[in-house]
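Me: I would like to go through this model by question and answer. Could we begin with how the pairing of strands is defined?

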Amino acid sequence: MKYFPLIYAGLMRKKLRSLLTLLSIMVAFLLFGLLQGVNSAFSNSVQGAHLDRLVVQGKISLTEQLPFAYHNRIAGVPGVTGVTFATWFGGYYQDPKNNVFTYPVEVSTYFKVFPDIELPAEQLAALSRIRTGAIIGHALAEKYGWKVGDTVPIKSALWTKKDGTYDWRLSIVGIFRMPDDTAQEQRILLNNDYFDEGRAFGKGTVGWYNVRIDSPTHATMIAQSIDRLFANSDHETKTVSEKEFMQSFLRQIADVNFIASAIIGAVFFTLLFLTGNTMMQSVRERIPEFATMKAIGYSGGAILFMVAAEGLILALIAAIFGLAISAAIFPALKSVLGVAKLPPSVIGLGLLYATLLAVITGFLPGLRVVRLSVVQGLARR
């Protein structure tokens, strides 16, 4: 504590410079918190994939449709305990910016393969009974204020109807929950019979098959058996784990991890030069002061500690403020990401980066102080 007044005086020597540096670092960590938080949210969804489920998709591309006739053949593969399917709808509400994850599904089998979807029995029965019926996630219902009984117009960016329009009117018959992965509550699941009957092209095909298996240990063997069934056919398949499928699906939208890493890397690279230049300038201006301190008995190590402490305090305060602001913003992203808080792992990583930033940018200026000659330092007065 005896060095604190000197450390404080060093920080306050050029108040405006210290404030601008703090704001620069704070903005960098605000961006870090938001990007890494979003990346973490997507990663958590992938990590939540079930090991006892496989996905059968087109061998060439995820957009390649598969024949409905594959359903029973996949179901007959040893080790398969359930088969269902879904199709990417490309839905949006009112404006293309309002993307809504919408999937036509086979009602009779989908909820057996995905028992983690919580839906009241009477609502499931209504979905089976009403051709234009659809169920929505709880988070999506909260976002738009939709409720059971509403008729919602969803447009498709991909699928036209027989009349040439892209408008699909869906009757909300239920609201489902997924407590283990609330990000999945951003979806609409509609009756495939209505979708297949109404679309202008692609009848009798599906986007992919979801397959439940008897044991995760048999996953590779079952996947190979399924792909062998359709080898050399017009629609060859590629069977992957649910985790691999979700990763591939997210990449179709955007490689969130790469984008986040690239932006954060560029920001921190720039920040290193900015903070490093500030520290060098601060030390250069105080060379005579440091020489005087050495002359009256302060060791090089003590002065190095004070210089390093200045950088560390500045970086940590800025990082804490930046991460705190990003944590405060996160609840507003709940309707988009399904999460309402900044993961603790991101906060810990941010504080670690702030410490490394202080160490790296303070090393060269601090080394110069340690090597400083009293005579040469005083001569610069």
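Reply: Two strands pair if DSSP finds at least two bridges between them, strands (E, at least two residues) and helices (H or I, at least four) being DSSP runs numbered from the N terminus. The model is predicted, so local features need pLDDT of at least 70 and side-chain atom pairs pLDDT 80 or more, while totals for chains, interfaces and linings use all residues. Residues are numbered from 1 along each chain as its sequence is written, and side-chain values use heavy atoms, without hydrogens and water. On that definition, strand E4 (residues 91-92) is joined to E7 by 2 bridges, and the sense in which they run is antiparallel.

Me: Which residue in E8 stands opposite Ile154?
Reply: Strand E7 spans residues 151-156, with Val152, Ile154 and Ser156 on its covered face and Thr151, Pro153 and Lys155 on its uncovered one. In a regular strand, side chains alternate between the two faces of the sheet. Ser156 is the bridge partner of Gly91, whereas E7 and E8 pair in the antiparallel sense over 5 bridges, and there the residue opposite Ile154 is Trp168.

Me: Within what arc do the buried residues of H5 fall?
Reply: Helix H5, residues 121-129, has Gln123, Ala126 and Leu127 as its buried residues (under 20% relative accessible area, with a 1.4 Å probe and protein chains only). Because they line one face of the helix when seen down its axis (taking directions from the axis to the C-beta atoms), their arc is one of 100°.

Me: Why does Gln123 count as buried?
Reply: Gln123 lies in helix H5, and, leaving aside neighbours within four places in sequence, its contacts are Val148, Val173, Gly174 and Ile175. Gln123 counts as buried because its relative accessibility is 16%.

Me: How far apart in sequence are the parts that Arg53 and Glu242 tie together?
Reply: Arg53 forms a salt bridge (a side-chain nitrogen of Lys or Arg within 4 Å of a carboxyl oxygen of Asp or Glu) with Glu242, the closest N and O atoms being 2.6 Å apart. Since Arg53 lies in strand E1 and Glu242 in helix H9 (residues 242-253), the separation in sequence is 189 residues.

Me: How many salt bridges does the structure hold?
Reply: Another of them joins Asp52 to Arg212, with the closest N and O atoms 3.6 Å apart. Asp52, in the loop between helix H2 (15-47) and strand E1 (53-58), is 160 residues from Arg212 in strand E11 (residues 208-213). The number of salt bridges that the structure holds is 7.

Conventions
Buried < 20%, exposed > 50% of the residue type's maximum accessible area, 1.4 Å probe, protein only. Contact = heavy atoms within 4.5 Å.
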